[in-house]
Amino acid sequence: MGALLEIDNLQTHFFTSGGTVKAVDGVSYDVNAGETVAVVGESGSGKSVTALSILRLIPKPPGEIVGGEIRFQGKNLAFCSEDEIREIRGRDISMIFQEPMTSLNPVLSIGMQLTEPMIAHMGMSEAEARERAVKLLEMVGINEPRRRVDQYPHHLSGGMRQRVMIAMSLACEPKLIIADEPTTALDVTIQAQILELMKNLTRDLGVAMIIITHNLGVVARYADRVNVMYAGRIVETGVASDIYHRPRHPYTLALLKSVPRMDRPRQAKLDPVDGQPPDLTRLDGGCSFRPRCKFAIDKCAESFPPLEEMGGQHYSACFRSKESLAEIEL
Amino acid sequence: MVTVSEVQTEAQFEEVAPKKPWTQIAVDLSRKQPLGVFGLAIVVAMIIAAALADVVAPYNPLQEHFDSMLSGPSEDYLLGTDEFGRDILSRLIYGSRTALLVGFVCAIVGSTAGLVLGVASAYFGGLFDLMLQRILDVFMAFPLIILALAVVATLGPGIENVMIAIILPFIPQCARVVRSNALAIREIPYVDAARALGFSDARIILRHMVPNVMAPYLIMLTTFLGQAILLEASLSFLGLGVQDPIPAWGLMLTNASEFFEGAPWVAIYPGVAISLSVFGFNLFGDSVRDVLDPKLRSR
C-alpha cells in the first residue's frame, strides 16, 4: 500500500525585509494510512510550517512554497488550485490547533461550529448534522452532549474545548488529522487524557495523524514513527522506539537529555541544549546544528550531512552517526 | 458522584435567574443608562410621530392658509405658520418622515457596506487591502459636506440622490473602524481554523468574522443616524436636497431665512426639531457604545 501522504523535498520560504527565511528547506517524510507520525523539534525548527504547508495555510506574502511536492492520495497539494485544496481541507485532512482557548469562535455556538463543516462538505441537512454533532461530542467524552451543543465556547474549560476541536476535526471522517501541539496549552493531567483520546479515536477510526510536538514523552507513548526537525530540515527519522532508545543524531540526543525522565535515576540537574537555534536567514552550507554540537568536526562546516541509513527504517543526518556514540550513554 | 453534584449546582443556577418582566428591565436600564433611555425616548417619539403623522398632525402640511400667513404661535396654529400660511407643527411632523427615512437608510446601508468592505480588507490583506484603503483614503480626504455636494451636483437633487450622497462618505468611515477591529480578529486562531476546515472566503468573512465586529459596527451605525439627519438637513438647506413642497426640516430653515427676523418661529422650531432628533440619536448611540465596549462596562 502506498503512503497516504508523501512530502518530497518540500521548501517553504518566507521572504521578509530581513532576508529569505528558509523555514522549511528540503523536508521529506511520508505518512501511511492509519499511522501516527510525530514531528519533533524546538520552536522555529519548521515543524509547524511544514504542517501548515500541507494544507496551504501559509500566509502569502510573505510565505511561499517554493519547491517540492506534497502528494496526498496521488494529488500534489503544493501546486493545485485554491478550489481543490479547499475541497481537501476539513474533508480529507483536518487540523487541530495549539490554542483551544482561541481556536473556537466565541460568538458561535458549539453546535453551529461542529455542524458547519458537515453541512458544507458532506451535504448533510441541519438536523442530521446536529444528531452527528451530539454523537461526536459523546465520542470525545463530553458529558450532556445534548445540552453542550447549544452552549458557547466560554462555557467550556480548555480541556473540553480541545475535545470539541477533536470532535470538529473528526466531523467529516477525514483520512488524516494534523495536530499542531495539541496539548501544549493544557494542564499536564489533561494532556494525557487528550492524547489518550486522540490515540484511541484515530486507532478505532483508522485515521492517520501527524502530531507536532516538542514533548518527547508524547512521542514515545503515542507515535509510531518520529521525524526530528532542526532548522528547517529533518535530521533524524525512524521508528519511535529506535529514536527514543538508540538516537543517532547529536541533536536528538541533546533533546532527550534535556527532558526529565522517570525511568532513570534522578539527575542533579537537567542538561539543556546549549546556545540558540540558528538564524534561518543566515545559514551557511554546513550542518546547521554544528555551533551547538559537542561532536562537531571540521567536516561539518563543509557540507550539510545527508540522511544516512542506520539500519531498519532509521536515518540520521550526521557525519558521525555511524561512529559508535559510545560516550552518549543515556 | 462529582458529575451528579455538578449537574445539580448548575441546575440550581439556572433556576436562580428567572426571566425578569420587561418593566423591570426598563427600570434597570434607565437607572444604568438614564441619558441613553432619554435619547431612545426622543427617537421613539419621533418614530411614532412619523408613523402616525396622518392622525397626529392638525393640518395637511401642504395646505396653505392665506388668511394667516406668518402668524405666530396661537391656539389655531400651535407653532405658527410659514410664509404660505402652512402649519409649522404639521410640517415638522411630516418632516420627521423624511428625516427618519434618510437617517435609517443611510446609516444602515452606509455602515453595512463599510462593515463588509472593512472585514474583507482585513481578511484578504496584501494588495487588496492596500488598494481598497487608498481608495477609501481618497474619499476620506474630502470634507463630508463637500463630497455630498459633489454627488448631488452630479446626480441632481432629490431624496434618492441625497441618500447616495450621504451614504458615500459613511462607507469609508465605517470600513476604517471595522477594519482595525477585524485585523485583530484575523490573527486569532479560529480564523485559521475556519480556513483549515475548508470554508470559502465569503463564508469566513460573513459568518465567522462579521459577528465578532458587531460592537464597532453598531456604534458606527448609531453615530451615523444622527449625522445622516444633520447632513440631510444641511443639503436641503443648501437647496440640494429634498425639494419644495415636500416637508423637510432643512428646507423649512431655508425658506425661514428670509422671514425669521419678523417671524422667528419659522426658524426656531425646525431648528429645534433637527437639534433634538440629532441629540436623541447621539445620546442613544453613546449608550450603545457604553454597553458594547467592555472597557467602559465596569464603570
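Where is the place of A:E173 in chain A? A:E173 sits in the loop that runs between helix 6 (158–170) and strand 7 (176–180) of chain A. Keep in mind as you explore that this is a predicted model.

Most residues other than glycine have a negative phi. A:E173 is not a glycine, and yet its phi is positive, at about 50°. This residue counts as partly exposed, because it has 14 C-beta neighbours inside 10 Å.

A:N9 is another non-glycine residue with a positive phi, here about 55°. Where A:E173 is in a loop, A:N9 belongs to strand 1 (residues 5–16) of chain A. A:N9 has 11 C-beta neighbours inside 10 Å, so it counts as exposed.

## Chain A as a whole

If you draw a box along the principal axes, the C-alpha atoms of chain A fill roughly 65 × 50 × 40 Å.

What about the inside? Of the 330 residues in chain A, 48% are buried. Taking the contacts in chain A between residues at least 6 apart in sequence, 63% join residues that are at least 24 apart.

## A buried leucine

Leaving out residues up to four places away in sequence, A:L52 touches A:L57 and A:I58.

## Where the two chains meet

How many residues of chain A are in contact with chain B? There are 21 on the chain A side, and they contact 16 residues of chain B. Three elements of chain A give two or more residues each to this side: helix 2 (82–88), strand 6 (93–96) and helix 3 (110–122). Helix 3 of chain A provides the largest share, with 3 residues. Sorted by class, the chain A side has 9 nonpolar, 7 polar and 5 charged residues.

## Helices crossing in chain B

Begin with helix 3 (residues 34–51) and helix 5 (residues 88–124) of chain B, whose axes are 8 Å apart and which pack at an angle of about 110°. These two helices of chain B are therefore roughly perpendicular to each other, and their crossing is left-handed. On the helix 3 side you will find B:M46, B:I47, B:A49 and B:A50, which meet B:I93, B:S96, B:R97 and B:L100 in helix 5 of chain B. This contact contains 6 nonpolar residues, 1 polar and 1 charged.

Next come helix 7 (residues 144–155) and helix 8 (residues 159–186) of chain B, packed at about 145° with their axes 8 Å apart. Their crossing is right-handed. Residues of helix 7 in this contact include B:L144, B:V151 and B:L155, while those of helix 8 include B:N161, B:I164 and B:P169. The classes here are 12 nonpolar, 1 polar and no charged residues.

Helix 8 of chain B also has helix 6 (residues 126–141) of chain B as a partner: their axes come within 9 Å and cross at roughly 125°. That angle makes helix 6 of chain B oblique to helix 8 of chain B, and the crossing is left-handed. Here B:L136, B:F139 and B:M140 of helix 6 meet B:L168, B:P169, B:P172, B:A175 and B:R176 of helix 8 in chain B. By class, this contact has 7 nonpolar residues, no polar ones and 1 charged.

Terms used: Residues are numbered from 1 along each chain as its sequence is written. Chains are lettered from A and ligands numbered from 1 in the order in which they are written. This is a predicted model: local features need pLDDT of at least 70, side-chain atom pairs count only at pLDDT 80 or more; totals for chains, interfaces and linings use all residues. Two residues are in contact if their C-beta atoms, placed from the backbone, lie within 7 Å. Helices (H or I, at least four residues) and strands (E, at least two) are DSSP runs, numbered from the N terminus. Ala, Val, Leu, Ile, Met, Phe, Trp, Tyr, Cys and Pro count as nonpolar, Asp, Glu, Lys and Arg as charged, and the others, Gly among them, as polar. Axes are lines fitted to C-alpha atoms, for helices over the stretch in contact, and angles run from 0 to 180 degrees between N-to-C directions. Angles under 35 degrees count as roughly parallel, over 145 as roughly antiparallel, 65 to 115 as roughly perpendicular and the rest as oblique. A crossing is left-handed if the near helix is turned anticlockwise from the far one by less than a right angle, and right-handed if clockwise. A residue is buried if 20 or more other C-beta atoms lie within 10 Å of its own, exposed if 12 or fewer, and partly exposed in between; C-beta atoms are placed from the backbone.
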